[in-house]
Amino acid sequence: MNRIILAYSAANSDLAQRIDLQLSRIGIPFDHMPSAPGDWSKQVFGTGEPVLLLVTDNLLTDRNCMTGLLDAMQNFPPHLPMLAVVAEGVDEAGNQVSTSIDRMVNMLHYMNHWQNAWMQVSTDYQNAAGEEKLTLETELDALRMLANQTGDVITLLRERAAVTRQAFEANDFALFFEKFDLSDWHGQYRKIAHATPETIETAPPVTLPEATLAGGILSPEPVDLPDEITTVPETPHEAPTVTEETQIVEPEPEIPQPTPKVEPLGVVEQTIQDAKFWLERGHVERSLELLRTAVEAYPDHTLLQQTYQDLLHTQNQDAPAPTPTPTTAAPQQPASDAHPYELMGNAAVEKGDFLFAKYCWDRVAEIDPAYPGIYRKLGLMTAEHLHDYRETALVYLKKAQEITPDDAEVNKALKELLEEERPLVVMEPPQAPHQPAEDVVQEAPVNTQPQQPLVMITGATSGIGRATAEVFARNGYRLILTGRRVDRLVEVKNKLETDYRSDVLLLPFDVRNAGAVQSAFDSLPENYREIDVLINNAGLAKGLSPIHEGSLEHWETMIDTNIKGLLYVTRLVTPGMVERRRGHIVNVGSSAGKEVYPNGNVYCATKFAVDALSRSFRYDLHKFNIRVSQVSPGHVEETEFALNRFDGDAERARIYNDFQPLRAPDVAEAIWFMVSRPAHVNIQDVFMFGTQQAASMLIDRSGR
Ligand code: NDP
Ligand code: 8X3
């Protein structure tokens, strides 16, 4: 530890100086970081140094401070000391503004602050046009993010590091010295703090003890006592001026002095607490890593050893890991934590921002699934205003109906939705196996046992996805098949059941619709939840135009399907794989993700993105024993790819008639090859073309 970062809103420079002045009497090397535009929070928490953060009304309403703060704090290494001091802020007139974060009303106050900022910009946005509208859109996104994250920032501060200023200053800053592992310095500090001018003059030069935490790098040099020592008041904290703000914000309860409110912890105890903190949030690896490092440093610490061994033991058991899922972790928070989100959702509905309302109320249901009336509100609002979220509305309404079967309004909305013409999600339970056809019975394994591995294939209604489903069915996998065309899915299912006696579950959804993906996943029966292999295949090209003539609609469709759709599905499948420490993801990329070609612009970009994602998925997941592979084919026939690209124009889609490209089953076999390697082998990428195609633009078109 070379220094301690003293971070605060620029409006609180005076307060920071006062604290510094008091503690720097013995040479604590503070590095001041007042808020500034840019990546302030990243810089504060990214230096690898301990942080003393002044949490004030100014900080919680300071855009520069709050932007990225949640992320930065979450990524702050838990072994480094951090202390957040909740202190009075200051208003524009220089009056003190009390700050408190320990009541729901406080949290709501700050969430509302950002929500109001969002609403103001939203009014300007309605009246804006052109460039300005685009700028305001970005601004709206940023403010919405702040409104969303403020509650989490405050929760994290409360859980992890916040103390009142009174507690911080109590007992000659005992908490500070403990927290930053500077206990040896405390005695020196006390001597100086209580010294009279006479004793100062006669006192011998002070020799500072070395800090113990990181090799004692703090300056051990004696420090001259500043002249101001006798003029600095012992307790500079004054009673806050009562302003309008203070009437909304609950005042801090007075902490009896000199005993600090929070018992300071030693390094090992803090590490154990940090490990617990990460474990409770599902970061098993991080938790283990912390403990492992601490055990190396303190091999004789029995409690540490025991904690580490216990965690190792529980993680190696066959039984489900004890890591709480987000839903089991949620009850740690008081149920009323959901309330601010409900209020924010209400405000959003009044402003007509239904998507944001859905987001807020979803958070309510996530924090407290039994929150009174939340599914009713979600269901009715989604059914009425968010027509793209029909399946999600159904899920909400059904939950509401389960809770209150006689709710006439819910029943009516449900009935209306069910009567709509669009096909609903087909959730067919595994059926009794069909009698296999005579000619395939030889090679078809009997594969209806529930313990058979489970593959999910997106886009299995045609082409590569469908061919892949066939290969996996043939090899005894149970299958979850997805795509939008229900009739096609049913056709594929019937065939696989007939030919291979497969267990097939159909899960139709549009990968572009995050809500629909979520609902589909939510509706998975228990025995179809542990997906062993995910094949991200759904994708398409739209159009083939130079960039200056491209269709925005085509671009959106490709980006939404090929990138965002792949992400939505992956996001839902991977947590289970991580928890089970088992799984394989195969992304269907393309040669277009390796080399661009004229007019391929946006399609190529999406496949380059898939390529990047495949690699980064692997970086993130290899340590959980999850394999990530990609297949990158050139032209493939027996697909509807070209027909889709040219909007159903069969003539234009005849691009394979003068050469032999790959066939869909060729790609399916390559995928199967990757998946069927022994567990220690991960084929990262198969870049493949038909023999007559050497590169995207180099094809021997002399005939088949
Ligand atoms: P197909 O058009 O035959 O298959 C595409 C599949 O994706 C269909 O099952 C389709 O299902 C599904 N799909 C498309 N959009 C959505 C959506 N919004 N939601 C859910 N499913 C969707 O083409 P391919 O088999 O060729 O394409 C499969 C993958 O292979 C794609 O990612 C493609 O980019 C890639 N690829 C194709 C090559 C080729 O030359 N054919 C070469 C290299 C890569 P439904 O319409 O029922 O929703
Ligand atoms: C499909 C192959 O020709 O569009 O990904 O690059 S191509």
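Trainee: Which residue places a polar side-chain atom 3.3 Å from an oxygen atom of ligand 1?
Mentor: This is a predicted model, in which local features need pLDDT of at least 70, side-chain atom pairs count only at pLDDT 80 or more, and totals for chains, interfaces and linings use all residues; side-chain values use heavy atoms without hydrogens or water, residues are numbered from 1 along each chain as its sequence is written, and chains are lettered from A and ligands numbered from 1 in the order in which they are written. A polar contact is a pair of N or O atoms within 3.5 Å; within protein, one must be able to donate a hydrogen and the other to accept it, and residues adjacent in sequence count only if both atoms are side-chain atoms. For an oxygen atom of ligand 1, the side chain at 3.3 Å is that of Asn 644.

Trainee: How many residues are around ligand 1?
Mentor: A residue is counted if one of its heavy atoms lies within 4 Å of the ligand. Thr 461, Ser 462, Ile 464, Arg 484 and Tyr 603 come nearest, and the number of residues around ligand 1 is 31.

Trainee: Which side chain has an N or O atom 2.5 Å from an oxygen atom of ligand 2?
Mentor: The residues around ligand 2 include Ala 592, Phe 641 and Arg 645. An N or O atom in the side chain of Tyr 597 is 2.8 Å from an oxygen atom of this ligand, and a polar side-chain atom of His 635 is 3.3 Å from one. The side chain at 2.5 Å belongs to Ser 590.

Trainee: How are helix 17 and helix 18 oriented to each other?
Mentor: Helices (H or I, at least four residues) are DSSP runs, numbered from the N terminus. Axes are lines fitted to C-alpha atoms over the stretch in contact, and angles run from 0 to 180 degrees between N-to-C directions. The axes of helix 17 (residues 354-367) and helix 18 come within 10 Å and cross at roughly 160 degrees. Angles under 35 degrees count as roughly parallel, over 145 as roughly antiparallel, 65 to 115 as roughly perpendicular and the rest as oblique, so helix 17 and helix 18 are roughly antiparallel.

Trainee: What is the handedness of the crossing of helix 18 and helix 20?
Mentor: The axes of helix 18 (residues 374-385) and helix 20 (residues 408-419) cross at roughly 40 degrees, and the two are therefore oblique. A crossing is left-handed if the near helix is turned anticlockwise from the far one by less than a right angle, and right-handed if clockwise. Here the crossing is left-handed.

Trainee: How far apart are the axes of helix 19 and helix 23?
Mentor: Helix 19 (residues 390-403) and helix 23 (residues 514-522) pack at about 45 degrees, and they are therefore oblique to each other. Their axes are apart by 7 Å.
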